[in-house]
Protein chains: 2
Amino acid sequence: MQIAILLYDRFTALDAVGPYEILARTPGAETVFVAERAEAVRNDNRGSLGLVADRTLGEVRRPDIVVVPGGPGQTGQMDNPALLDWLREADTATTWTTSVCTGSLLLAAAGLLDGRRATSHWLALDALRGLGARPTGERVVIDGKYVTAAGVSSGIDMGLTLLGRIAGDERAQAVQLLTEYDPQPPYDAGSPGKAPAHLVEELRAAGRFLRAERP
Amino acid sequence: MQIAILLYDRFTALDAVGPYEILARTPGAETVFVAERAEAVRNDNRGSLGLVADRTLGEVRRPDIVVVPGGPGQTGQMDNPALLDWLREADTATTWTTSVCTGSLLLAAAGLLDGRRATSHWLALDALRGLGARPTGERVVIDGKYVTAAGVSSGIDMGLTLLGRIAGDERAQAVQLLTEYDPQPPYDAGSPGKAPAHLVEELRAAGRFLRAERP
């Protein structure tokens with residue numbers, strides 16, 4: 001089983017590494033990071049993190065699982081034919097096509113989420129609707145073989161959910177125990193329904209670009 | 001403010017990237033990945049992930065915050081003078097010296113946790129005690145300027161806790177909201193007290209090497 005994690009300039013690191021850490025522990029899986037060029041791809045925080053794409057898109061044509069992370073750089077990929085064509089072609093081979101955060105906007109731009117239940121970063125749900133998907137408020141959404149997760153850290157929950165489907169509950173629980181995923185956030189502000197209202201409004205104002213970039 | 005995240009061969013990716021994703025959002029912070037050589041450092045899962053160390057240890061001598069991830073490769077570093085000397089020297093400059101997972105065993109090997117309350121991966125708590133620290137069962141432990149976190153995913157909770165101390169509760173809550181850290185694991189098996197007992201025993205048996213490698 002081959003798991004391909006897509007990288008592109010200004011992706012969000014945890015979007016990719018959260019599900020990677022879980023899914024790479026699938027028995028028999030080979031996990032590869034892929035990008036247009038086989039080189040270190042820089043993230044969204046002034047490029048302070050570089051993750052190596054070991055394979056080009058052309059070298060990974062029939063993955064079993066695709067994981068598409070989000071990040072501010074997603075907006076620059078929405079009309080990149082190399083990336084969207086690869087998503088469409090890879091999707092003809094996959095058992096599972098997945099995304100974290102605004103990665104779902106790329107799946108939607110490739111036409112893969114038309115009419116499907118899906119999710120994205122809470123600031124991008126309107127944009128997702130504008131691209132033909134049916135956004136839900138759930139953290140992990142499964143519609144057929146399409147698995148989309150909410151913002152950034154939700155990829156860990158998505159990874160465990162998917163690992164359970166692939167390898168069974170017991171394996172997923174063992175990986176949860178090994179990665180000690182027993183979350184104890186010091187605050188309860190991780191969703192717009194829980195965070196102080198003024199913080200939600202400030203981030204909405206800052207994130208307005210996401211809605212403006214709907215095609 | 002400079003945040004230095006240490007890398008070494010066969011580190012665990014999420015140990016480093018979890019706190020990175022949070023702490024790199026500290027206002028005014030410069031975050032750098034450091035290692036003995038400035039090159040891509042490969043992780044513990046057959047090296048399928050490569051994270052670029054942009055700076056050598058010698059180039060980062062007075063960081064404000066140090067983050068030491070864990071991973072199976074930690075055992076090979078326990079008697080590496082280049083790494084341990086760097087930890088000791090960097091620690092003379094830091095405001096916070098931190099670790100995730102078995103990264104605390106490296107801090108302890110450098111003599112930085114003598115008599116201090118600290119934690120590590122649940123499979124490594126005995127080893128931590130053997131190195132002179134006082135292990136606790138908490139997920140994030142603060143003793144003076146030393147902040148240690150439990151296994152792998154706990155670095156996210158550590159990052160938010162530390163960000164709150166540095167930049168205030170409101171900033172930390174805004175980052176929690178932006179990274180949508182509203183965990184909803186599909187299982188409740190993330191600690192040895194919660195997971196099925198036979199899984200705990202299986203991992204203990206597999207992890208026996210951790211105890212055997214106490215000096």
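This is a predicted model: local features need pLDDT of at least 70, side-chain atom pairs count only at pLDDT 80 or more; totals for chains, interfaces and linings use all residues.
Local features need pLDDT of at least 70 and side-chain atom pairs count only at pLDDT 80 or more, whereas totals for chains, interfaces and linings use all residues. Residues are numbered from 1 along each chain as its sequence is written, and side-chain values use heavy atoms, with hydrogens and water left out.

In an unreviewed UniProt entry, residues 2-163 of chain A are listed as "domain: DJ-1/PfpI", an annotation that may be inferred rather than shown by experiment.

In chain A, the loop between α1 (13-23) and β2 (30-35) contains A:Thr26. A:Thr26 has a relative accessible area of 4% and is therefore buried, a term that denotes under 20% relative accessible area (1.4 Å probe, protein chains only). Leaving aside residues up to four places away in sequence, A:Thr26 touches A:Met1, A:Ile3, A:Leu163 and A:Ile166, where contact means heavy atoms within 4.5 Å.

In chain B, the axes of helix α5 (residues 154-167) and helix α6 (residues 169-178) come within 6 Å and cross at roughly 140 degrees, the axes being lines fitted to C-alpha atoms over the stretch in contact, with angles from 0 to 180 degrees between N-to-C directions. The contact is formed by B:Leu160, B:Leu163, B:Gly164 and B:Ala167 of α5(B) together with B:Asp169, B:Arg171, B:Ala172, B:Val175 and B:Gln176 of α6(B).

Note on methods
Chains are lettered from A and ligands numbered from 1 in the order in which they are written. Helices (H or I, at least four residues) and strands (E, at least two) are DSSP runs, numbered from the N terminus. Buried means under 20% relative accessible area, exposed over 50%, partly exposed in between (1.4 Å probe, protein chains only).
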